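Trainee: I have a structure to go through and would like to ask about it step by step. Could we look at it together?

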Amino acid sequence: MSLPEIPVVSASSKVPAPSGVPAPSPAPAPVPPEAGPVLAAYHLSVWYGTSLALKDVTIEIPRNQITALIGPSGCGKSTLLRCFNRMNDLIPGARTEGVILCDGKEITSPDTDPVALRRRIGMVFQKPNPFPKSIHENVAWGARINGYRGNMDDLVERSLRRAALWDEVKDKLHRSGMDLSGGQQQRLCIARTLAVEPEVILMDEPCSALDPISTARVEDLMDDLKSEYTIVIVTHNMQQARRVSDMTACLMLDEDSRDKNRIGVIAEFSSTDLLFTNPKDPRTEAYITGRIG
Ligand SMILES: Nc1ncnc2c1ncn2[C@@H]1O[C@H](COP(=O)(O)OP(=O)(O)OP(=O)(O)O)[C@@H](O)[C@H]1O
Ligand SMILES: [Mg+2]
């Protein structure tokens, strides 16, 4: 299958040539991978067995920004998120069609090692899932199995600081991670993800089990992290999508399919401001105003 072209505006194409002066014809500059989206899916469809869950999704995830995925239950938000680090590979019967790129490279190709991919594209889940091990070991574990050779205590401290948890746990690093509060456990899971130094963090409803104070802490943390990481967050909380994200994709269930199954599609993808203030698709408007979903 041929790959779609990613449009790139070069610096020279933004500067108009003075009138009367023939424009020079510069040699095309090579496009560095960091100029394009960090993640992209083109014409992506996902099946679970014979059931089509997500149809013909095209989306480009911009680097160092927060992209929110919103939409009603069952429209395929988690499915799409899991495609980006091939977590769907772990689900028996799951199958994808289409192109998924990370830094311009196709991630579904047999050359891509899914374990190495998941190191670059970490994931934080809805329910905090610390291991029944110490706080220190929760953070160190992923780095250790990836062969980290640096000073582990420093890495643990740095990751916990980045996850805004250090001050709360620095005196009890050898206590179980399971003894922390839900909000602390979620930040511990974020620290664990950061410790393997990913490029992208996928978050599937990371605050849905948290109280408003813990939610605010995680949201502040996301804002801090985006200078170094790209974040994709699934959320049912529209206020949260508006508060934290730069871009928003609204997924919907396509009601018009012939086989009567309801299939997830992207109704609209645009800047968060635009999507919430001036939605182009009536389904997006109905969803964000609470009329459907
Ligand atoms: N492991 C699975 N096996 C079979 N079908 C699945 C599996 N996971 C998801 N599905 C189906 O795929 C569709 C999309 O599910 P998905 O979990 O991606 O939706 P979602 O938008 O994340 O929903 P929610 O907001 O409830 O979390 C649903 O019809 C769901 O039943
Ligand atoms: Mg989900």
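Trainee: What percentage of the residues of the protein chain count as buried?
Mentor: This is a predicted model. A residue counts as buried if 20 or more other C-beta atoms lie within 10 Å of its own. The protein chain has 293 residues, and the share that counts as buried is 40%.

Trainee: What is the mean pLDDT of the protein chain, and where is the pLDDT below 50?
Mentor: Of the residues in the protein chain, 87% reach 70 or more, and the mean pLDDT is 88. Where pLDDT is low, the predicted coordinates should not be read in detail.

Trainee: How many helices and strands does the protein chain have, and what share of its contacts with a separation of 6 or more joins residues 24 or more positions apart?
Mentor: The secondary structure comes to 11 helices and 10 strands. Among contacts with a separation of 6 or more, the share from residues 24 or more positions apart is 69%.

Trainee: How many residues are in the largest nonpolar core?
Mentor: In soluble globular proteins, nonpolar side chains tend to be buried together. Here, Leu69, Ala191, Leu202, Val232 and Leu251 have the most contacts inside the largest nonpolar core. The number of residues in that core is 77.

Trainee: Which residues of helix α5 are buried, and why are they on the same side?
Mentor: Helix α5 spans residues 152-162, and its buried residues are Val156, Ser159 and Leu160. They lie on the same side of α5 because they cover an arc of only 95 degrees around the axis. What covers them includes α4, α6 and α7. So the residues asked for are Val156, Ser159 and Leu160, and the reason is the arc of 95 degrees.

Trainee: Is serine 159 buried or exposed?
Mentor: Serine 159 lies in helix α5 and is in contact with Val139, Ala191, Leu194 and Ala195, leaving aside neighbours within four places in sequence. Because 25 other C-beta atoms lie within 10 Å, serine 159 is buried.

Trainee: With which residues is alanine 191 in contact, leaving aside its neighbours within four places in sequence?
Mentor: Alanine 191 is among the residues with the most contacts inside the largest nonpolar core. With those neighbours left aside, its contacts are Val139, Ser159, Leu160, Arg162, Ala163 and Leu165.

Trainee: What is the phi of alanine 164?
Mentor: Most residues other than glycine have a negative phi. Alanine 164 has a positive one, and its place is in the loop between α5 and α6. It is partly exposed, with 17 other C-beta atoms within 10 Å. Its phi is near 55 degrees.

Trainee: Where is histidine 43, which has a positive phi?
Mentor: The phi of histidine 43 is about 50 degrees, although it is not a glycine. With 13 other C-beta atoms within 10 Å, histidine 43 is partly exposed. Its place is in strand β1, residues 39-48.

Trainee: Which helix gives the largest share of the shell around ligand 1?
Mentor: The residues around ligand 1 include Tyr48, Ala53, Ile91 and Gly264. The shell divides into four nonpolar, six polar and one charged. Its largest share is three residues, and they come from helix α2.

Trainee: How many of the residues of α2 are buried?
Mentor: Those buried in α2 include Lys77, Leu80 and Phe84. α2 is mostly covered, and of its eight residues the number buried is seven.

Trainee: How far apart in space are valine 57 and glycine 264, C-alpha to C-alpha?
Mentor: Valine 57 lies in strand β2 and is buried, with 23 other C-beta atoms within 10 Å. Leaving aside neighbours within four places in sequence, its contacts include Leu80 and Val265. Valine 57 and glycine 264 are 207 residues apart in sequence, while their distance in space is 8.7 Å.

Notes: Residues numbered from 1 in each chain as written. Chains lettered and ligands numbered in written order. Predicted model: local features only at pLDDT ≥ 70, side-chain atom pairs only at ≥ 80, totals over all residues. Buried ≥ 20, exposed ≤ 12 C-beta atoms within 10 Å, placed from the backbone. Helix = DSSP H or I, 4+ residues; strand = E, 2+ residues; numbered from the N terminus. Arc of directions from axis to C-beta. Contact = placed C-beta atoms within 7 Å. Near = placed C-beta within 6 Å. Nonpolar A, V, L, I, M, F, W, Y, C, P; charged D, E, K, R; others polar. Core = buried A, V, L, I, M, F, W, Y, C linked by C-beta atoms within 7 Å. pLDDT = per-residue confidence, 0-100.
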